[in-house]
Amino acid sequence: MRVFKGLIAIVVATSLAAAAQGASSEPGGQLLLSEAQFETLFPKRLAFYSYQGFVAAARSFPAFAGEGPAEQRWRELAAFLGQIAHESDELRALREYRRENYDHYCRLSEPGDACAKGQQYYGRGPIQLSWNYQYKAAGQALGLDLWADPDRVARDPRVAWQTALWYWMTQPGPGTMTAHQAMVSGAGFGETVRSINGVIECDKPGDREVARKLARRADFYRRAATLLGVSPDTRLGC
């Protein structure tokens, strides 16, 4: 009986440890944080940004936090959470705060570029998706017409999370690789910054505002990594 009770105790302890970390005990596959961890990381988030919405969207991108050793997968998750924390003001912003910029995101420099009449393509969602061509590409990938209705990203929680993960997994932005590739290849967190906002925040030594933004992103990343029980990588700058 003592042996049986001991086995039960071991199983229970193992289950609790896995629940606390938010992962299954499987050696491979996608790793996601628990709902309790999500609430701890984003205590003031808008209800729009639900944990369930994040998980549902993440499951549609199985390579997200799903490649390589467990430590690498946890770091990618932490990096993503850190970046959206900065971009969306800790999940408190549905739409870009600076309304004076709302009509600044229509670029017609590439073949096929256009902007739908009456629509604006300012930042929306967890990663603050911006620009007409990005809304068009995201919509095509997700089977939606976000070019004609960009504000759906700020009205539909499922779409909001999907656009954030779509960008993370598929778009190099102003960088040379996607944010996902940066974390999988070992290029590090700094390269995810370059992929997301490199034109504004990278390669500007001495700029105090840029330094503040980079420090904020890195701080969110470290907080998420600590919560997930993994050390952040050391390549924080871009």
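Proline 69 is exposed, at 55% relative accessible area; exposed means over 50%, buried under 20%, and partly exposed in between, with a 1.4 Å probe and protein chains only. Proline 69 sits in the loop between H3 and H4. In sequence, proline 69 and valine 184 are 115 residues apart, but their C-alpha atoms are 9.6 Å apart in space.

The model is predicted: local features need pLDDT of at least 70 and side-chain atom pairs count only at pLDDT 80 or more, while totals for chains, interfaces and linings use all residues. Residues are numbered from 1 along each chain as its sequence is written, and side-chain values use heavy atoms, with hydrogens and water left out.

## Overall fold

The chain has 9 helices and 0 strands. Helices (H or I, at least four residues) and strands (E, at least two) are DSSP runs, numbered from the N terminus. Of the 238 residues in the chain, 47% are buried. The chain exposes about 11,700 Å², of which carbon and sulfur atoms supply 56%; these areas come from the Shrake-Rupley method with a 1.4 Å probe, and for residues only the protein chains shown count as cover.

Contact means heavy atoms within 4.5 Å. When contacts between residues at least 6 apart in sequence are taken, 62% join residues at least 24 apart.

## The nonpolar core

A nonpolar core is a set of buried Ala, Val, Leu, Ile, Met, Phe, Trp, Tyr and Cys residues joined through side-chain atoms within 4.5 Å. The largest one holds 60 residues, and the members that touch the most others are Phe54, Phe64, Leu77, Phe80, Leu81, Trp161 and Trp168. Elements giving two or more residues to this core include H2 (35-41), H3 (51-59), H4 (70-87) and H9 (208-228). H6 gives the most, with 9 residues.

Leaving out residues up to four places away in sequence, tryptophan 161 touches Phe38, Tyr49, Ser50, Gly53, Phe54, Ala57, Phe80, Ile84, Leu91 and Pro126. In H3, the buried residues are Tyr51, Gly53, Phe54, Val55, Ala57 and Ala58. Their cover includes H2, H4 and H6.

## Packing of H5 and H6

H5 and H6 pack at an angle of about 100 degrees, with their axes 10 Å apart. Axes are lines fitted to C-alpha atoms, for helices over the stretch in contact, and angles run from 0 to 180 degrees between N-to-C directions. H5 is therefore roughly perpendicular to H6, a term for angles of 65 to 115 degrees.

H5 contributes Gln134, Ala137, Ala138, Ala141 and Leu142 to the contact, and H6 contributes Gln162, Thr163, Trp166 and Tyr167. These residues divide into 6 nonpolar, 3 polar and no charged. Here Ala, Val, Leu, Ile, Met, Phe, Trp, Tyr, Cys and Pro count as nonpolar, Asp, Glu, Lys and Arg as charged, and the others, Gly among them, as polar.

Glutamine 83 lies in helix H4 and counts as buried, with 0% relative accessibility. Apart from residues up to four places away in sequence, glutamine 83 touches Trp168, Phe189, Thr192, Val193, Ile196 and Arg217.

Most residues other than glycine have a negative phi. Aspartate 89, in the loop between H4 and H5, has a positive phi near 55 degrees. Aspartate 89 is buried, at 18% relative accessible area. Glutamate 90 lies in the loop between H4 and H5, and its phi is positive, near 60 degrees.

Methods
Parallel < 35°, antiparallel > 145°, perpendicular 65-115°, else oblique.
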